[in-house]
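Please examine the sequence and the model before reading on.

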Amino acid sequence: MGFSRLAPFLLSLTLLTACAGRADPPEGSVLYDVTGISPHTVLFTVDRRAVTAEQYFSALTTACDGIQAAYQRADAAVDWGENLSGQTLEDYAREQALASAVLYATVENQGEQFNCGLDETETRQLDEEWTRKAAEYGGETAYLDALNALCLSREGARQLAADRRVYLQLSQLSATPGSALHPTDAAVTEFAARQGYVTAEILLLPVTDSSAESAALCRKQAQEAADKLRGGGDFAELAKVYGEAAPVPGEQTFCIGGGTFPQPVEAAVAALAENAIGGPVETEAGCYLLRRRALDPSALSDAYFDFRLQAAADAAVIAYESAWKPLPVSEFYAKLTAAREALFQGKT
């Protein structure tokens with residue numbers, strides 16, 4: 001399908017860029033209280049597209065919240081100076097925030113380049129989505145408070161939602177044969193070879209329990225099924241024969257080493273020639289039967305698009321403005337935590 005889009009979204013981006021240098025902070029802005037920087041202040045540009053303090057610090061907030069949540073699950077306290085794999089947590093959070101802000105700016109740039117944006121229907125859907133979210137939070141004031149705690153305003157949250165829709169449009173455009181973004185099969189095949197993607201039919205004959213008897217029965221049935229496959233049998237028919245618990249097989253495209261299947265299974269698939277049958281491969285879950293197939297480029301549409309989008313973000317030219325003075329992350333998050341407590345004090 002084509003992606004001819006109407007003007008409102010692109011106009012909103014123009015307005016965002018035009019007002020990005022404003023210094024007047026909104027009243028009660030958590031971001032301003034924590035950083036002393038107006039949310040509208042431009043911190044840097046990505047291929048000449050302005051990225052504001054709100055866009056960067058909301059990304060930093062998300063990164064810090066993610067790290068905090070991970071440490072809480074491990075019942076541990078965050079030490080922002082902790083060195084992990086040659087990088088402190090503080091540096092990691094800052095790197096993730098910058099990468100996120102750059103990626104969103106790249107989506108906006110590509111949205112303009114390939115004429116993707118919100119039409120009247122999608123604009124209305126954004127309005128309806130806002131109304132639903134506000135209701136979930138118990139009203140618009142409560143929802144705005146929740147966004148404020150994330151260093152986001154109504155406009156900033158709406159922009160993120162619009163960017164996500166543009167991302168989906170770009171992805172769909174990439175998957176549409178004949179479009180300006182659609183890759184050649186050769187490009188996808190080269191990408192798959194570099195990343196280790198393969199296509200295979202995979203059938204699991206599961207063990208019913210942890211007993212030795214169940215494992216022995218599974219091995220016996222798996223060997224019978226493997227013999228039938230090598231004799232010309234069909235994966236889907238064998239799935240029916242060997243019980244309802246066996247998933248109906250089909251061609252699956254996945255990355256070797258990505259953990260889609262147990263490591264011995266992925267290694268066995270990688271070692272197979274095209275159309276060759278492998279297995280049984282025994283695992284804790286049961287026995288796997290395999291058949292390597294020719295790579296299915298269409299199954300890699302999303303992965304290839306994400307790869308190409310990330311490559312564009314990595315190659316983007318970032319120019320920092322005078323307002324770019326990153327706070328120590330530990331200081332930022334401590335102040336943010338205090339500001340959140342003050343914001344919600346007496347409201348819960």
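Helices (H or I, at least four residues) and strands (E, at least two residues) are runs assigned by DSSP and numbered from the N terminus. The model is predicted, so local features need pLDDT of at least 70 and side-chain atom pairs count only at pLDDT 80 or more, while totals for chains, interfaces and linings use all residues. Residues are numbered from 1 along each chain as its sequence is written, and side-chain values use heavy atoms, with hydrogens and water left out.

P328 lies in the loop between β9 and α13. Apart from neighbours within four places in sequence, P328 is in contact (heavy atoms within 4.5 Å) with E90 and R94.

The elements discussed here have these boundaries:

| Element | Residues |
|---|---|
| Strand β7 | 277–283 |
| Strand β8 | 286–293 |
| Helix α8 | 185–195 |
| Helix α12 | 301–315 |

Strands β7 and β8 pair in the antiparallel sense over five bridges; pairing requires at least two bridges found by DSSP. A hairpin of two residues joins β7 to β8, and I277 stands opposite R291 in β8.

The axes of α8 and α12 come within 11 Å and cross at roughly 85 degrees. These helices are therefore roughly perpendicular to each other (65 to 115 degrees). In their contact, A187, V188, F191, R194 and Q195 in α8 meet A303, Y304 and F307 in α12.

Note on methods: Axes are lines fitted to C-alpha atoms, for helices over the stretch in contact, and angles run from 0 to 180 degrees between N-to-C directions. Angles under 35 degrees count as roughly parallel, over 145 as roughly antiparallel, 65 to 115 as roughly perpendicular and the rest as oblique.
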